[in-house]
Amino acid sequence: MLGLVLLGGITVLFVTGLLSYAAYNPDLASVNDKTPDKGLLGFYLFAWPTHPYWLYRLTQGVHVTLGITLVPVLLAKLWSVAPKLFALPPARSLAHALERVSLLLLVGGALFEFVTGVLDVQLDYVFPGSFYPLHFYGAWVFFAAFVVHVVLRAPAAVRNARRMRAGKGREEEAGGAPDFPLVAPRPAAATVSRRGALWLVGGGSLLLFGTTAGQCFDGPLRRTALLAPHGGADPGSGPGGFQINKTAASRGIGARETSEAVWRVVVAGPTGTVRLSRAELLRLPLHSAALPIACVEGWSTGDQWWRGVRLRDLAALVGYDADAAPDVLVESLQRRGAFREAALRADQVRDPRSLLALEVNGEPLTPDHGYPARVIAPAVPGVLNTKWVARMTFGDL
Amino acid sequence: MRAVLPPLGSPLQILLLACSFALAGYAGLRLLSGDRLGVALWFVGAAVLHDLVFLPLYAAVDRAVTGGLGAVGRRERTLYVRVPATLSGLLLLVWFPLISGRVATRYESFTGLSADGFAARWLLVTAVLFGGSALLLALRSRREGRHGPPAGR
């Protein structure tokens, strides 16, 4: 039962995790790739689409929310198999010895993935290294052990399922388990039935889901996420009051460098370089797009109304036909931080909803949402929507 | 005297496990390319810590509760403590960095949100869980009182 839930749940976690990596377009530019030595593990990468615009909001919301929901199931499964850890003799055969080594990768890998994920979404960066390589390579180590475990256990699991459907009880119960030294010789009377224990696990999952899922929605639903990092209240009120990934102050963005007098965006391409002030940008044709912010940490905002200059129109300023706009490398004023530079692919640049946004929800951007100008594009992970844009270099990357 | 070789076991199983180890090794080399010792410690340490520290700890606490209630002849009421304690403990385990306030400074600086509410909200949820459990127990006890104690206790 727990095994079946984990089989489905972990498969979804693995797939949505791989999709999240693809969503960064890591093969487009080195600035997008935190695991450049991935080798064959990047075999599946593809150009991340811009349709539907909520794609990353969905896949990553599922990844994080499901991961947190599965914590009780994982713990219960580990708890239920713990006696097998002490089974004797340690190895009956070479195959059995190898399987036990594989179980260490399975259990260590599962805990490693859940722990790094749960810590990262809470900004608790105590793990030994950068989150991206740890969680990505750790996932492959874990999945290698997971798949072989599923394959080796499948025949017994199917037999058990058939027996249970026939109302005969599990194999162990029916046949006894002579090689379990940890089975209590004189067990105390049970205080909970098998069904009751499963209800408790389910209740734990439901509680975690109920206090987490709300951070993917605005308004009253967000308030239901009582303990999730981006649940509860919004950071502000009014048009720019929605959730913030990193504030201007935390990135060292000051008022002077973003002032009307000082700030210019540099747009570069084959026909040269154009420097534009905010006022000049506002005189270009402005367009609107309703797009969410969706973070790798699993939270997201509802659609916000952004207004600004289309990226394809900016490409046209420096020598490209808007319909044939190329990739772009976007640099922020921000001096440090993993994604101070980010690249967007040509199809993302050409999408009419991709903007260098100047306003949101009818008002100028707030400093924390990227004033004077930020990128906003459909379906991309939040960090690729570069804030406090300083330079945009159009060209094939 | 002849050395006794361990039996081989299923060749198919060995083949499958070898494939698994090849993939795990390919990813593992990359996983360990940074802080080798730290990552290995976290990977193996997670399993060891869970199986040899956390699990015995849960079990010991649970036995203490069962035993304590058993001593006063109320062993069947274990669930009224176990369920709220498990659920509350689960929330604390998952959201420990936020609830304990150990990331408060970074959290407030990054998100512009207040880090104050997490501990209070967790305590509130815990209070509701235990309160609900107590209420349920009180209602059941009253019903049992009215119909006489159940046989067998």
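A salt bridge is defined here as a side-chain nitrogen of Lys or Arg within 4 Å of a carboxyl oxygen of Asp or Glu. By this rule, the side chains of Asp351(A) and Arg353(A) meet in a salt bridge, with 2.9 Å from N to O. The structure is a predicted model, in which local features need pLDDT of at least 70 and side-chain atom pairs count only at pLDDT 80 or more, while totals for chains, interfaces and linings use all residues. Residues are numbered from 1 along each chain as its sequence is written, chains are lettered from A and ligands numbered from 1 in the order in which they are written, and side-chain values use heavy atoms, with hydrogens and water left out.

Chain A contains 11 helices and 10 strands, where helices (H or I, at least four residues) and strands (E, at least two) are DSSP runs numbered from the N terminus. The C-alpha trace of chain A spans about 80 × 45 × 35 Å along its principal axes. Of the 397 residues in chain A, 52% are buried; buried denotes under 20% relative accessible area, exposed over 50%, and partly exposed the range in between (1.4 Å probe, protein chains only). Among the contacts in chain A with a separation of 6 or more, 67% are made by residues 24 or more positions apart, a contact being heavy atoms within 4.5 Å.

Over all chains, the count comes to 12 salt bridges. One of these joins Arg222(A) to Asp234(A), whose closest N and O atoms are 3.6 Å apart. This pair links distant parts of the chain, as Arg222(A) belongs to helix H8 (residues 220-224) of chain A and Asp234(A) to the loop between H8 and strand S1 (265-269) of chain A, 12 residues apart. Arg222(A) has a relative accessible area of 1% and is therefore buried, whereas Asp234(A), at 30%, is partly exposed. Both residues also belong to a network of salt bridges that links Asp218(A), Arg222(A) and Asp234(A).

A further salt bridge in chain A is formed by Arg335(A) and Glu257(A), with 2.6 Å between the closest N and O atoms. Arg335(A) is placed in the loop between strand S5 (328-332) and strand S6 (341-344) of chain A, and Glu257(A) in the loop between H8 and S1 of chain A, so the pair ties together parts that are 78 residues apart in sequence. The relative accessibility of Arg335(A) is 52%, and this residue therefore counts as exposed. By contrast, Asp351(A), the partner of Arg353(A), counts as buried at 5% relative accessibility.

The interface of the two chains was examined next. The contact involves 60 residues from chain B and 77 residues from chain A. Together, chain B and chain A bury about 6,000 Å², of which 76% is on carbon and sulfur atoms; buried area is the accessible area (1.4 Å probe) that two parts lose on being put together, summed over both. On the side of chain B, the residues that lose the most area to chain A are Trp42(B), Trp95(B) and Phe110(B), together 13% of what that side buries.

Across this interface the rule finds 1 salt bridge. Arg102(B) pairs with Asp124(A) in a salt bridge, the closest N and O atoms lying 2.6 Å apart. Between chain B and chain A, 15 residue pairs are in polar contact (both at pLDDT 80 or more). A polar contact is a pair of N or O atoms within 3.5 Å; within protein, one must be able to donate a hydrogen and the other to accept it, and residues adjacent in sequence count only if both atoms are side-chain atoms. The elements of chain B that give two or more residues to the side touching chain A are helix H1 (11-31), helix H2 (36-71), helix H3 (78-94), helix H4 (96-100), helix H5 (104-111) and helix H6 (117-147). H1(B) provides the largest share of this side, 13 residues.

Domain 1 and domain 2 of chain B bury about 700 Å² between them, 59% of it on carbon and sulfur atoms. Between these domains of chain B, the rule finds 1 salt bridge. Arg82(B) forms a salt bridge with Asp62(B), with the closest N and O atoms 2.8 Å apart.
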